[in-house]
Amino acid sequence: KYLTSAEIREKYLSFFEGKGCKRWPSSSLIPDDPSLLLTSAGMVQFKPYFLQQKHLEAPYVGTTTVQKCVRTNDIDIIGTTGRHQSFFEMLGNFSFGEYFKEEMCAWAYEFSTEVLGLPAERLYFTVFLDDDETIEIWKKLGVPDDHISRLGEEDNFWRAGPTGPCGPCSEIYYDQGEEFGCGSPDCAPGCDCDRFLEYWNLVFTQYNGQEDGTLEPLPKKNIDTGMGLERMAAILQGVQSNYETDVLRSLVGVGERLTGTVYGEDAAVDLSLRIMADHSRAVAFMIADGILPSNEGRGYVLRRLLRRAVMKGHLLGLDKPFLNEFVDEIVNLMGHVYPEIVENRELMRRVILSEEERFGANLRQGRAFLDEALAELEGAVLPGDRAFTLHDTYGFPVEVTRELCDERGIEVDMEGFGRCMDEQRERARAANTKDAEAAWSTYGGVMAEILEAVGPTEFLGYTKNDAD
Ligand code: ATP
Ligand code: MG
Ligand code: MG
Ligand code: MG
């Protein structure tokens with residue numbers, strides 16, 4: 001019998017509690033940090049601690065969390081790799097000048113091999129360029145030379161945003177076996193294929209990145225680590241991808257039931273089921289944290305995710321709103337860890353439903369418009385102004401248009417689309433319209449209704465969103 005996601009989560013948190021870390025709740029997906037759109041890692045809520053602006057009370061040596069994360073940089077590849085979602089849970093532990101590299105590497109090795117029981121011969125370790133010190137630490141722990149390699153900035157220097165605490169890192173990979181690989185003789189940790197699965201990143205947070213790009217040493221040396229829960233579950237549950245692990249597989253199952261399809265028989269169907277499972281979860285959690293669909297900022301991230309999932313369901317034959325039907329299963333699976341989704345169940349359902357209805361009305365007309373545009377097309381490129389009309393009149397996020405075109409071997413003129421968007425922004429600025437107001441006029445009614453039904457306490461999230 002394998003370890004469930006819930007068991008892995010608990011093992012991680014209690015292991016680091018045992019090392020003196022304080023168990024700390026996940027923070028909201030809306031970061032308390034104007035430089036970031038969304039919470040994309042466990043360290044985000046601890047920035048003031050890394051900067052020594054806030055201090056952890058004794059006797060703790062650090063903190064340990066499971067953090068809900070949304071990453072927009074991975075949106076385009078969701079589903080095509082088995083290891084990326086837009087929403088995922090990051091297990092982490094953090095030190096603010098207490099323990100550092102030596103302890104951290106030893107604990108990571110102990111947790112991987114002894115607590116989780118991963119075979120040492122399958123583990124690979126990377127370090128940042130000339131970080132010989134960390135190489136020595138891994139060697140002392142018994143890691144053979146040929147399981148240690150050096151990677152550059154892109155993989156092994158971590159930053160949450162353009163500025164703030166950052167530093168070199170060392171990543172741990174699990175060799176899933178040659179059958180997962182790309183077959184290239186150069187295949188090694190850091191390769192884009194699925195053979196060497198990065199599951200844990202240990203960041204040695206030593207710097208504070210400045211506006212001008214310089215790295216200012218922090219007063220103390222810190223530790224920030226992140227382990228992807230779904231990736232670890234995939235390893236321990238012996239499945240091919242994150243989407244086949246217990247929690248996500250259940251959500252894929254909701255999609256199967258709604259669409260009458262079967263996962264694992266057809267790559268295109270699988271991709272749609274993966275996107276529906278992942279995006280519905282991201283959307284539900286974002287709403288629970290007080291984000292509303294809108295045309296800007298995090299509200300637009302939410303809208304794009306939601307509409308893309310709706311389009312996938314539509315293409316699998318669903319004609320009526322369906323995405324809201326994922327909510328109950330999400331709450332069943334994860335409500336014990338994140339009480340905010342239990343409290344906001346009704347809100348999540350209603351906001352999703354009303355956005356589905358809004359988009360649903362445009363969806364068919366938009367597809368008809370696209371079909372016509374494609375029928376008239378001479379070359380293999382859809383003009384940017386058509387993609388813009390789809391965006392502006394029918395509410396198609398451009399990546400949805402791209403996907404629909406891609407299926408027919410047509411490209412979208414993204415430059416032309418960008419120009420149309422810029423012009424629109426100019427017009428909007430001139431008219432001084434405020435997107436937040438637009439969101440309120442759309443959702444204000446729904447919210448007022450729910451507010452009446454469930455009471456005001458659950459709406460604290462919105463005051464945060466208002467400030468944008
Ligand atoms: P990758 O190189 O695979 O994109 P990363 O280096 O961007 O991952 P980190 O920023 O180091 O990821 O985050 C720490 C850990 O969080 C990763 O080692 C991985 O286990 C997990 N993780 C990162 N991005 C995702 C994602 N999009 N979906 C699921 N898990 C993720
Ligand atoms: Mg990444
Ligand atoms: Mg990486
Ligand atoms: Mg990494």
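Visitor: Which residue stands opposite F88 in strand 3?

Guide: Heads-up: this is a predicted model, where local features need pLDDT of at least 70 and side-chain atom pairs count only at pLDDT 80 or more, while totals for chains, interfaces and linings use all residues. Residues are numbered from 1 along each chain as its sequence is written, and chains are lettered from A and ligands numbered from 1 in the order in which they are written. Strand 2 (residues 62-70) and strand 3 pair in the antiparallel sense over eight bridges (two strands pair if DSSP finds at least two bridges between them). Opposite F88 in strand 3 stands C69.

Visitor: And on strand 9, what is the bridge partner of F94?

Guide: Strand 3 also runs antiparallel to strand 9, with five bridges joining them. In strand 9, F94 is partnered by D224.

Visitor: How many of the ten residues of strand 3 are buried?

Guide: Buried here means 20 or more other C-beta atoms within 10 Å of a residue's own (12 or fewer is exposed, in between is partly exposed, and C-beta atoms are placed from the backbone). F87, E89, L91, N93 and S95 point one way, F88, M90, G92, F94 and F96 the other, and all are buried. Strand 3 is largely enclosed by the rest of the structure because its buried count is ten of ten.

Visitor: Which element gives the largest share of the shell around ligand 1?

Guide: The shell holds 16 residues, the closest being H84, F88, N201, G226 and G228 (the cut-off is a C-beta atom, placed from the backbone, within 6 Å). Strand 3 (87-96), strand 8 (196-209), strand 9 (215-228) and helix 6 (229-237) each give two or more residues. The largest share, four residues, comes from strand 8.

Visitor: How many residues of that shell around ligand 1 are charged?

Guide: Asp, Glu, Lys and Arg count as charged, Ala, Val, Leu, Ile, Met, Phe, Trp, Tyr, Cys and Pro as nonpolar, and the others, Gly among them, as polar. The shell has five nonpolar and five polar residues, and the charged ones number six.

Visitor: Is helix 6 largely enclosed or largely open?

Guide: L229, E230, R231, M232, A233, A234 and I235 are buried in helix 6. Just after helix 6, G238 takes a positive phi of about 65°. Since seven of the nine residues of helix 6 are buried, the helix is largely enclosed.

Visitor: Is E355 buried or exposed?

Guide: E355 lies in helix 12 (residues 345-376). Its C-alpha atom and that of P321, 34 residues apart along the chain, are separated by 9.2 Å. There are 26 C-beta neighbours inside 10 Å, so E355 counts as buried.

Visitor: What handedness does the crossover from strand 4 to strand 5 have?

Guide: Strand 4 (residues 123-128) and strand 5 (residues 148-151) run parallel and are joined by four bridges, with F125 opposite I148 in strand 5. The chain crosses from strand 4 through helix 4 (residues 132-140) to strand 5, and this β-α-β crossover is right-handed.

How values were computed. Right-handed = clockwise from strand over helix to strand, strands pointing away.
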